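Thanks for coming. I will keep this short, so please look at the structure while I talk.

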Amino acid sequence: MMTRTIPLICIITLAAMTTDDRVCIHEMPQVPVLELGTEQGVSAAVMVQTGSVVYVAGGCNFPNLPAVKGGSKRYYSHILEWDGCKWLRAGNLRQPLAYGVAVPVKDGFICIGGQNFSGSQTAVDLYILKQGSSPVVSSLPSLPQPIDNMAGIKVGEQIFIAGGIKAGHPSNSLYTLDIKQLEKGWQLRSEFPGPPRVQPVLTFSGNEGKLKLFIWGGFAAGSESTPASVSMDGLSYDVESDRWTSLPPPLDKRGNPVSLGGGTGTVWNDSLMLFTGGVNRHVFLNALQREASFNGKKAISLRRQYLSHQPEWYRFNTKLLLYDAKNNCWQEIFDAPELARAGAAAVRYGDELLIFQGEIKPGVRSVKSYRVQLSPYLLRNHSIY
């Protein structure tokens, strides 16, 4: 069921702020090179926080010939551990993987779907990690179909995944797995309205005891029957009533809509969530439309032309946005070029938002990761706790 509302969106404009009293961005230590090629940075890795550690796994890049010259993508299997001070080696995935989803569990994580050199995957694996020993890996119920480039989140003992590419086609599906009832396997919970969403962001709020999921961003390549799309708006899903509600796009401090497709979404507490990165709708949609209009050598030529610009040309989102689900308010907290990423990964770690690598332009990864420290002043005055 779908309802459409036009809720009040309030834009809270911060006074002129400096990194001294509001937000500080620190570059994290360089990641050790555990696999040849990762020294160039990766995108589409998975990242989870569990206990006092953060795990990052997998990812992909173009380590030899650049994408603009037709290079081949390479996938990676290493697992990294961040202990608050340094990166450590924590083992390897069962197979190289990117564009999947990972959710935390005690002493590890669950890795779901994704893509590698052999195509889209159905595997769902549980990784238990203890320092100084290899991961203990076990299989959980597989996805009903191969899915990659989706978004996912764990709420209590429920795992939700939304959108992505399912069996080779852009998807509107929302699936769930109950960890306490694994024998039931993955269940198709709902189909969300509107166009499919590949690389959306998915968050949730548990405000006043009511569980709602939130989807923003995402895209779908065009086909013979449907035009290409880059979604700006959002959708909320009331899990109890099985009801979808349309939401306006995220807004910056000037009231301009912001595209979050390919960005990151991080739940901060029961009603607040943070978002970074994402592609520019106009730039990306124009590329999708042009590529859909041609095939063969012409399409390849257009794609290489699209990949040939400097990073600034793609106008990736540079803003750190906060969404208050309780009051349906967007706030631009910070604007920094370091946040202009697509395919990065992010988690909350104490009072910090950790952002891991990602693309600075299509086909080009960054080796830099960041700790975004939200000062006690900002946290206190905007109720992030």
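Predicted model: local features only at pLDDT ≥ 70, side-chain atom pairs only at ≥ 80, totals over all residues.

Let me begin with Asn-172. Where is Asn-172 found? It sits in the loop that runs between β20 (169-170) and β21 (173-178). Is Asn-172 buried or exposed? Its relative accessibility is 16%, and the cut-off for buried is under 20%, so Asn-172 counts as buried.

Now its side chain. The side chain of Asn-172 reaches the backbone oxygen of Gly-194, at 2.8 Å. A polar atom of that side chain also lies 3.4 Å from the backbone oxygen of Pro-195. If we set aside the neighbours within four places in sequence, the residues in contact with Asn-172 are Ser-190, Glu-191, Phe-192, Pro-193, Gly-194, Pro-195 and Pro-196.

Next, the aromatic rings. How many aromatic pairs does the structure hold? There are 18. One of them is formed by Trp-216 and Phe-275, with 5.5 Å centre to centre and 80° between the planes, and that pair is edge-to-face. Trp-216 belongs to strand β24 (residues 212-216) and Phe-275 to strand β30 (residues 272-276), so this pair ties together parts that are 59 residues apart in sequence. Both Trp-216 and Phe-275 are buried.

A second pair to look at is Tyr-323 with Trp-330. Their ring centres are 4.7 Å apart and their planes are at 35°, so this pair is tilted. Tyr-323 and Trp-330 are both buried as well.

Last, the helix. Helix α1 covers residues 281-292, which is 12 residues. From its first C-alpha to its last, α1 reaches 16 Å, close to the 16 Å expected at 1.5 Å a residue.

Which residues of α1 are buried? They include Val-283, Phe-284, Leu-285, Ala-287 and Leu-288. What covers the buried residues of α1? The cover includes β25 (219-220), β26 (229-230), α2 (296-306) and α3 (311-314).

That is the end of my part.

Methods:
Residues numbered from 1 in each chain as written. Heavy atoms only, no water. Helix = DSSP H or I, 4+ residues; strand = E, 2+ residues; numbered from the N terminus. Buried < 20%, exposed > 50% of the residue type's maximum accessible area, 1.4 Å probe, protein only. Polar contact = N/O pair within 3.5 Å; in protein donor to acceptor, adjacent residues only side chain to side chain. Contact = heavy atoms within 4.5 Å. Phe/Tyr/Trp six-rings, centres within 6.5 Å; stacked < 30°, edge-to-face > 60°. Expected span 1.5 Å × (residues − 1).
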